[in-house]
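Please look at the sequence and the structure before reading on.

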Amino acid sequence: MAAIVAGFGMPHNPGSPALVARDGPQCETARYYAQMAKHIEGAAPDVLIFFTDDHFNTFFLDNFPTFAIGIADATAGPNDQTPMPQYKVAVAGALATHIRTNAIAHGFDISLAQDFDVDHAVMVPLHFLTPGMKIPVLPIFINCLAPPLPTAQRCFALGQAVREAVESWPQKQRVAVIGSGSFSLEIGGPKIPIGDRAACTPDPQWSQHVQDLVKEVRIDELVAESTAARMLQAGNIGGELLNWIALLGAIGPRKPVTVLPQNDHGQAFVAWRLN
Amino acid sequence: MSVYAVNKICRDALHDLAFRDAVKRDPAAAIAPRDLSGDERKALLAGDVAWLYDHGCHPFLMSYLTRWDLFGLSPAVYTARIQSAHDTRD
């Protein structure tokens with residue numbers, strides 16, 4: 001039977017590959033991604049499930065899913081002009097089909113994408129975690145950017161449904177789950193101060209609070225507090241916390257083994273090991 | 001209201017290099033074929049991002065315009081103008 005063996009939460013800033021190329025392996029972002037990569041190596045997963053949000057690149061507002069799953073032989077990216085190498089990576093299509101079937105049976109009307117590429121939200125983490133692109137991925141897209149957002153309770157339950165599906169998959173596979181995104185980030189909105197950047201971190205305190213709840217395994221409180229209003233108060237990209245909440249539903253309540261905060265950027269790198 | 005068309009213009013500015021160059025050369029001509037209301041066209045050509053925000057345009061997509069100073073929107077101009085948008089989240 002398949003099993004979830006590790007969980008990871010991390011940001012996906014499109015500027016990170018260029019920043020690390022410029023500042024080298026000793027810069028904080030490089031070191032934090034390297035620590036996550038070491039955990040990935042130790043967990044030796046056969047599949048990486050991504051809870052991720054699309055930034056209007058894979059999908060657009062002509063048809064923007066609340067939840068979608070990518071089922072194909074392979075995907076490629078980034079598809080959004082992110083300054084980094086282009087990659088192609090296999091998709092765990094059979095497991096994805098099983099998860100979709102089970103999710104629908106559990107009441108999640110999850111959309112299907114069979115011909116898709118992915119943006120920086122998947123490819124920036126992969127660039128640092130598995131640059132050889134040897135581990136198949138399984139992207140599950142959550143609408144974190146275009147209100148009305150799905151509720152935190154719904155995303156947590158989706159994560160639980162994904163775990164049940166993984167655990168009922170007859171193949172012996174080790175699965176790692178990744179939640180991709182920030183806790184506090186505003187891009188292009190009125191919270192940005194006047195200056196030379198169209199982005200800011202409006203609420204580093206919320207970022208720290210989220211991490212405190214995660215570290216203390218107060219997941220019920222985190223889910224209850226993460227209303228759309230509260231997440232969006234932390235910035236118009238604050239809904240990316242939903243990717244983390246789905247991850248928490250998938251891995252169950254447990255203490256993380258590594259927590260690396262970057263509250264000035266409203267984000268963190270966190271790892272959980274399940275066995 | 002055709003907010004969708006404004007959002008699509010912002011997305012195309014990222015993904016469609018020929019369209020981006022056309023906007024740089026002659027913004028009014030580049031967006032002439034797009035299905036915009038009169039007010040939207042006027043706001044976009046004036047770089048009035050507060051008005052566009054208040055009428056439903058997505059800020060993440062609008063922020064693309066600052067990468068190439070499209071419609072006169074340098075980051076400094078954009079961030080100054082977006083201050084007067086109505087943030088309903090607080």
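How many residues of E7(A) are buried, and why is this strand largely enclosed by the rest of the structure? In this predicted model, six of the six residues of E7(A) are buried, so the strand is largely enclosed by the rest of the structure.

- Chain A has an open sheet of eight strands with mixed pairing, in the order E6-E3-E7-E2-E8-E1-E12-E11.
- Its edge strands, E6 (111-113) and E11 (258-262) of chain A, each pair on one side only.
- On average, neighbouring strands of this sheet are turned by 20° against each other, direction ignored.

**Partners of E7(A)**
- Strand E7 (residues 137-142) of chain A runs antiparallel to strand E3 (residues 67-70) of chain A, and three bridges join them.
- Between these two strands, Phe67(A) has Ile142(A) as its bridge partner, and Ile69(A) has Ile140(A).
- With E2(A), the pairing of E7(A) is parallel and spans five bridges; Phe50(A) is bridged there to Pro139(A).

**Faces of E7(A)**
- In a regular strand, side chains alternate between the two faces of the sheet.
- On one side of E7(A), Val137(A), Pro139(A) and Phe141(A) are buried.

- Helix H9 (residues 241-251) of chain A lies across E1, E2, E7, E8 and E12 of chain A, at about 155° to E8(A).

Definitions and conventions: Residues are numbered from 1 along each chain as its sequence is written. Chains are lettered from A and ligands numbered from 1 in the order in which they are written. This is a predicted model: local features need pLDDT of at least 70, side-chain atom pairs count only at pLDDT 80 or more; totals for chains, interfaces and linings use all residues. Two strands pair if DSSP finds at least two bridges between them. Helices (H or I, at least four residues) and strands (E, at least two) are DSSP runs, numbered from the N terminus. Axes are lines fitted to C-alpha atoms, for helices over the stretch in contact, and angles run from 0 to 180 degrees between N-to-C directions. Two residues are in contact if their C-beta atoms, placed from the backbone, lie within 7 Å. A residue is buried if 20 or more other C-beta atoms lie within 10 Å of its own, exposed if 12 or fewer, and partly exposed in between; C-beta atoms are placed from the backbone.
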